[in-house]
Amino acid sequence: MGKTTRAIGWSSIALVVAVGVLGAAIGFAPLRSFDYGWHLRTGELIAETRAVPRADPYSYTVPGARWIDMHWTFQLALHSLYELGGHQAVRLAKGACVLALLAVLGRIGWRRSHAAVSALALGSMLMASSDRLIERPELLSFLFLAILLALLDRHDRRRDRWVFAIIPLQLLWANVHGLFFVGISVCAIALLAELLFPLVGRNEPLRRDIACDLALVTALSILVSFVNPNGIDAVRFPLEQFLMIAPAGQRSDLGASIKELQPILDVPGGIQLLAAAGGLALVAMALNWRRLRLFDAGLFVAFLFLSLGAQRNVALLAIASVPIAVRNFGDFIDRHPPPKWAPTVSGVAVLGLLSLAIADRVGIQATVWSAAPLLEDQFPKASVDWIERERPDGPIYHAMADGGYLIWRLYPAYRVMVDGRLEVFGNKHYSRLKVVTAGRPPGFRHLDQMYHFGVVLLHHRFFPSLKMLQWLQADPEWRLVQLDEVAAVFVRVGDDPSRWQEIGTGGSDLLAPLADRRDSELDLRRRAARFALLHALGRPERARELAHETCSRHGERSEAPFFCRNGAREEPRQLPGR
């Protein structure tokens, strides 16, 4: 018995460490959110003016438009971190939030003998949520949801006054992110489950004291949500956003075009992602159906509904599924005790799965331990450096995702066309700007008639703009003045053709040599982007040389056969990773 206990002890320690390492690999990855820049700049603006902005100061397309800034406390904290230690401090804080999320969720239902269940649930959550665990206010919403679930679980088991900590949590949440309505909804689900408990045929009386506490917490959580700089508008706005993920016939242009708002079943790999987020909880509830809590069932159905509506909500389902899975598997195992060797064997199996997940995340994020705090190739740094240095006449045409970076780097010298602030642009302005079609020449011409652009910033690394690049090159009104792996800058020639020196695209030194990163996924993605760019610039012979070189260098990798098959083609069919 003693040996078995010690084996379980070592197994649980190894599982905790593995989950922590996986969380660190995801949490401490370089910063990569396209919205990071405008959040950072707004925190600085709030600190300088000592006021939360009510109107848009950043754009030239909707200047002065109403802005319900629901993230102001997050933005102030972000600015304070940046002042303290730059982007690296923000990166460390992001990783700490992910580890705190694991610590809070991991305590719910934790038992050393069932450590494998907790570790598997947490590992599944991390993998399903990894794309959302980034430097956005949403990350704090995830942490707040975990704290709320832990407080409700504690109240269900021991009924103490800690449940009332939900009220100040909700007050803070309403001033951090629009997902604060999730906290109210979870409290309401818990209250409804408690009221319905005597009606499910279990011959148990209503727990009046717990029901009263939950009713009071729910009511006060609603009331404190109105304590924010925008009052009722901030409370109403999340409901307006919900229409973005309405059914297909009622869905807004925003909900129909932005990837993270797409229905999860319409996204490639969406079913697998949904299974990773909620599959374990579903199996646990099925096994424990005789003792299934109404709260668990209601919670799962509610978050499954949100996940089916939008890809970004899968992370909410993954977080809520952790306590559901652990509680129900725990109840089932208590009623059906496994053999003595089972905890050790299951621990080793889960440890093996976590090790594979760690290797996968480190392989995908080749720069996860890089000293560079911002993810390479994510932002058009060199092109923005050129604009900042040369000061061409604006306004700037750019992709929606680059708006945040431009706000941080160039405001107030330049304003942006559009950015990720749905609270400002909304469906009305988004549709008017035709951002979806503006990446093609007809859409660009339409916008150019409205705003008469002076600069075009094409982020060809992540966005489909190679046809635009070819079209602008052929237009004598525009001149290519800056080009790198990520973006290209064109300026309008105007009345002084001699002002700007055009880059010649025929030279061998058009692009800097690629670094020798033989074992890096990042190198393979860079080569894929350069392959497409060289074709767009009319350099198919150089593209073929790059393809042969990449095939010999990365032949064992899954995407490398693309270069081997298509290296001799005149035009690329499809780009891996784009």
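On one side of helix H9, Ile232 and Leu239 are exposed, where exposed means over 50% relative accessible area, buried under 20% and partly exposed in between (1.4 Å probe, protein chains only). Helices (H or I, at least four residues) and strands (E, at least two) are DSSP runs, numbered from the N terminus. H9 spans residues 232-242, and its buried residues are Ala234, Phe237, Pro238 and Gln241. Seen down the axis of H9, these buried residues fall within an arc of 95°, so they line one face of the helix; the arc is that of the directions from the helix axis to the C-beta atoms. An α-helix has 3.6 residues a turn, so residues three or four places apart point the same way. The cover over the buried residues of H9 includes helix H7 (180-196) and H17, with contact taken as heavy atoms within 4.5 Å.

The model is predicted, so local features need pLDDT of at least 70 and side-chain atom pairs count only at pLDDT 80 or more, while totals for chains, interfaces and linings use all residues. Residues are numbered from 1 along each chain as its sequence is written, and side-chain values use heavy atoms, with hydrogens and water left out.

The whole structure contains 16 aromatic pairs, a pair being rings of Phe, Tyr and Trp (its six-membered ring) with centres within 6.5 Å; planes under 30 degrees apart count as stacked, over 60 as edge-to-face and the rest as tilted. One of the pairs is Tyr60 with Tyr451, edge-to-face at 5.5 Å centre to centre and 70° between the planes. Tyr60 lies in the loop between H2 and H3 and Tyr451 in helix H18 (residues 441-451), so the pair ties together parts that are 391 residues apart in sequence. Both Tyr60 and Tyr451 are buried. Trp386 and Trp500 form a tilted pair, with 5.5 Å between centres and 50° between the planes. Here Trp386 belongs to helix H15 and Trp500 to the loop between strand S4 (488-492) and helix H20 (521-536), so this pair ties together parts that are 114 residues apart in sequence. Trp386 is buried at 7% relative accessibility, and Trp500 is buried at 10%. Ring pairs also link Tyr60, Tyr397, Phe444, Tyr451, Phe453, Trp471 and Trp478 into a cluster.

A ring also meets a charge: the charged end of Arg421 sits over the ring of Trp67, 4.7 Å from its centre. The criterion is NZ of Lys or CZ of Arg within 6 Å of the ring centre and within 35 degrees of the ring normal.

Salt bridges number 30 in the structure, each being a side-chain nitrogen of Lys or Arg within 4 Å of a carboxyl oxygen of Asp or Glu. Asp296 bridges to Arg327, with the closest N and O atoms 2.5 Å apart. This pair links distant parts of the chain, Asp296 being in helix H12 (residues 294-309) and Arg327 in helix H13 (residues 314-335), 31 residues apart. Both Asp296 and Arg327 are buried. A network of salt bridges links Asp153, Arg157, Asp296 and Arg327. Glu388 and Arg409 form a salt bridge at 3.0 Å, N to O. Glu388 lies in helix H15 and Arg409 in helix H16, so the pair ties together parts that are 21 residues apart in sequence. Glu388 is partly exposed at 33%, whereas Arg409 is buried at 17% relative accessibility.

The backbone has some features to note. Most residues other than glycine have a negative phi, and most peptide bonds are trans. Arg50, however, has a positive phi of about 55°; Arg50 is in the loop between helix H2 (36-49) and helix H3 (72-107) and is exposed, with a relative accessible area of 77%. Arg159 also has a positive phi, near 45°, and lies in the loop between helix H5 (137-158) and helix H6 (166-173). The peptide bond from Gly394 to Pro395 is cis, with omega near 0°, and Pro395 is in the loop between helix H15 (381-390) and strand S1 (396-397). Tyr411 and Pro412 are likewise joined by a cis peptide bond, with omega about 10°; Pro412 is in the loop between helix H16 (403-410) and helix H17 (422-433).

Finally, the cysteines. A search of the whole structure finds zero disulfides, a disulfide being a pair of cysteine sulfur atoms within 2.5 Å. Cys97 is buried at 18% relative accessible area, while Cys212 is exposed at 52%.
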